Amino acid sequence: MAEPLIGTATARVDGTAKVTGRADYAADRTEPGLAHGYLVLSTAGRGTLRSMDVAAAEAADGVLAVYSPFNPLKLHRIKTTPDVCFVGQFWLPLQDQEIRHYGQIIGLVVAETFEQARHAASLIRTEYDLRPVRADFAARTGDAVPPPIAINHEDPQVDLLAEEFGTVDEALAAGPVQVRATYTQPPEAPLALEPHAALASWSDGVLTLRVGSQSPVGGALAAAETLGLGLDQVRVLSPYVGGAFGGKLYIWPHPLLTAAAARELGRPVRTVLTQEQVFTTVGHRSAVSQTLALAAERDGTLVAVKHDAVSSLSLSGVIYETAAHTTSRYTYKSPSLHVGQRIVPLDSPPTTWVRAPGEAPGAFALESAMDELATELALDPVELRMRNYATVFPGRGVRWSGKHLDECYRVGAERFGWQPRTAPRPRPAEDSDEVWLTGTGMAGATYPGNLLPTTLANVRLRADGTATVATATSDPGTGMRTVLAMVCADDLGIPVERVEALLGDSALPLNYGAFASMGTSSSAGAVRSATTALKRSLLDLAATDARSPFHGLAADALAYRDGRVVGGGHSLTFAELLAATGRSELDSPGASAPGAERLRFAVHSFGAHFCEVRVNRWTGEVRLDRWTSVIDGGTIINPRTARAQIVGGILFGIGQALLEGIRVEPDTGRFANGNLADYLVPVHADMPDFDIHFLDHPDTDFTPLGARGIGELGVVGAAAAIANAVHDATGRRVRDLPITVDKLL
Ligand code: MOS
């Protein structure tokens, strides 16, 4: 028997291509006759464009066209919602003279070179009629309103109350121990290292659009709807995507304008955004303010949880952070529970999905509040969580398909060397010469396991002994290409080197892509379905084709094992069988779709984070020294890429806790630090030592393969673990992220 591949730390199949520069990202591509686009952005936050003087730009060297609201590229109005058409905002630029946010697209200059286009863009003079900008989230949280649409398909407010109480406030009042606090965080950028870029070329009325996307199919839907094309007239290619984090799920206007310009000019056009342009033309995570109240018995048993979240919602966008619904709604068992969501509409660039949308801010608040309650009760934070452990989903009465969070806490505490804590850590004396204060913190993590709607894949055996697996998803750096090749190779019993995974092309078998931590479970399920069917066809072929040495045997008497068909005293590799039967290849489709498991179970991945920090007594500097996470994600197909996913998620949490945040100028809506120099993200020097451990509990009630998602799980709770450790070290509870030095002095 061949050794199983699933569960082995396999190197990325595209690793060599990536490190040698052969991997072609959208901005790397060129085409004969390529022209270059450069965006022009507004320097006003709200109002109307009065005029744009483009004469100098049009006269500049190499300029082919200057498009603006006064010389527009026609785009069709978006008639549907983003989850249908995959455009990240309601309106499209250049179609009117409205200024809806600072840094919005008001022009596209196309020239022979990038430098010529950028220079010409700098020559444009613009006049605005300004209107007051509504951009100050903090000043407006008191005026928050119910969301216009329920993104999570749940009521904006959910109340599950014990019989004796009419409101959650009554239930809270009945608890002998209470904590109540407000937690805030600024907007965050998804910030992928690969700049957003698009290359559009047309041939016989068919558009080929190269754009880094989590969903090539979504990109094709977006381009078709806005450019007035049939789906057979668009092909979106995203062979490599250099990070996405939600920011490359929906299509933003620049690829659409680039495609429209290429159509008008009759030349391929490539538009590469600067990172500064990405901040305002690609969506970001809402600002969030959350008020959390917990009431408990003296033994720590929760009697009521009340979690109200307020998120910014761009007047241009439709996505906002649903922080309470994604965390307090189900994390702990409590006889009374309230979650509420309101929004503050702002004249801001679009708000959108960003890694662990809802859970990332929600878990910061909930897992901080649990730590505050533990302190209040003089109870160990792990023990407090165990005393409120949920085994059925509140209000639905269903159990989880697989939940081993208790084991995550236990194994995590052991690996980390967690010291149960029932009292505040002693502070050094005032005159002590100790510089660094050490503290430890922990938090739990949850993220839903879902499946994409119908996902198709095709697996093909070739006469040279290799195989291909094809599906229209993308690999935004997660390891999707590697994981799908592994599942295919494992099922076929051949080395992974003999499988080529074809992804990143909307023309491949239907697949909505890589997002919401659904990619692996959905796509791998479709691949397994295809290999299962393919092995059956291969045995049928062996039994029925007159040229086959197995001819005449019943297909049932044959078996497929380790890349070979065996039976009746014969054993042939699939390549030999294909050759014997005169075939160059044999293929089969497969499909995955959500089913009855949605009704029978709640499905989530779980984890527990433990970390140790050092805080400088005199400067307030926070350093992370070590980190343990124990992850319950079902079957881990590739522990190597999975570890990278969890570490990457924790990095998001480190950024959220200590560094990140878009600073919005309240009067203009300008992102004051909207560039890579001023918007801080964690770098290698900010990393602790990571101990990432995966539990091995295949979730076969969810899918036959048993894999749940892990792409977003690592973020969840990470910021709370850090804030809790900072509290342990310093006695200071910082509830406003990021935890910058000024908040610790
Ligand atoms: Mo994720 S925020 O669905 O890419």
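Analyst: Helices (H or I, at least four residues) and strands (E, at least two) are DSSP runs, numbered from the N terminus. In this predicted model, Pro-738 is found in the segment after helix H18.

User: What makes the peptide bond from Leu-737 to Pro-738 cis?

Analyst: The omega value: for the bond from Leu-737 to Pro-738 omega is near -5 degrees, and the bond is cis.

User: Why are H17 and H18 called oblique to each other?

Analyst: Helix H17 (residues 639-659) and helix H18 (residues 718-730) pack at an angle of about 50 degrees. Angles under 35 degrees count as roughly parallel and 65 to 115 as roughly perpendicular, while those over 145 are roughly antiparallel and the rest oblique. H17 and H18 are therefore oblique. Their axes are 7 Å apart, and H17 passes H18 in a right-handed crossing.

User: Which residues in H17 and H18 meet?

Analyst: On the H17 side they are Ile-650, Gly-653, Ile-654, Gln-656, Ala-657 and Leu-658. On the H18 side they are Ala-718, Ala-719 and Ile-722.

User: What angle and axis distance describe the packing of H7 and H8?

Analyst: H7 packs with helix H8 (residues 253-265) at about 55 degrees, and the axes are 10 Å apart. That angle makes H7 oblique to H8. The crossing of H7 past H8 is right-handed. The contact brings Ala-222, Ala-223, Thr-226 and Leu-227 of H7 to Leu-256, Ala-259, Ala-260 and Arg-263 of H8.

User: How do you know that E9 and E10 pair, and in which sense do they run?

Analyst: Two strands pair if DSSP finds at least two bridges between them. Strand E9 (residues 197-203) and strand E10 (residues 206-211) are joined by six bridges and run antiparallel. Ser-203 stands opposite Val-206 in E10. E9 and E10 form a hairpin with two residues between them.

User: In what sense do E10 and E11 pair, and over how many bridges?

Analyst: E10 pairs with strand E11 (residues 234-237) in the parallel sense, over four bridges. One of the facing residues is Arg-235 in E11, the bridge partner of Thr-208. With helix H7 (residues 216-227), E10 and E11 make a right-handed β-α-β unit.

User: Why does Asp-204 count as exposed?

Analyst: Exposed means over 50% relative accessible area. Asp-204 has 82% relative accessibility, so Asp-204 counts as exposed. Asp-204 lies in the loop between E9 and E10, and has a positive phi of about 50 degrees although it is not a glycine.

User: Why is Ala-356 called buried?

Analyst: Buried means under 20% relative accessible area. Ala-356 has a relative accessible area of 0%, so Ala-356 is buried. Ala-356 is not a glycine either, yet has a positive phi of about 55 degrees. Ala-356 lies in the loop between strand E15 (336-346) and helix H10 (359-377).

User: What makes Arg-140 partly exposed?

Analyst: The relative accessible area of Arg-140 is 30%, so Arg-140 is partly exposed. Arg-140 lies in helix H5 (residues 137-140). Not counting residues up to four places away in sequence, Arg-140 touches Arg-134, Ala-135, Val-344 and Leu-346.

User: How far apart are Arg-140 and Ser-51 in sequence and in space?

Analyst: Arg-140 and Ser-51 are 89 residues apart in sequence, and in space 32 Å apart from C-alpha to C-alpha.

Key:
Residues numbered from 1 in each chain as written. Predicted model: local features only at pLDDT ≥ 70, side-chain atom pairs only at ≥ 80, totals over all residues. Heavy atoms only, no water. Right-handed = clockwise from strand over helix to strand, strands pointing away. Buried < 20%, exposed > 50% of the residue type's maximum accessible area, 1.4 Å probe, protein only. Contact = heavy atoms within 4.5 Å. Axes fitted to C-alpha atoms, helices over the stretch in contact; angles between N-to-C directions. Left-handed = near helix turned anticlockwise from the far one by under 90°.
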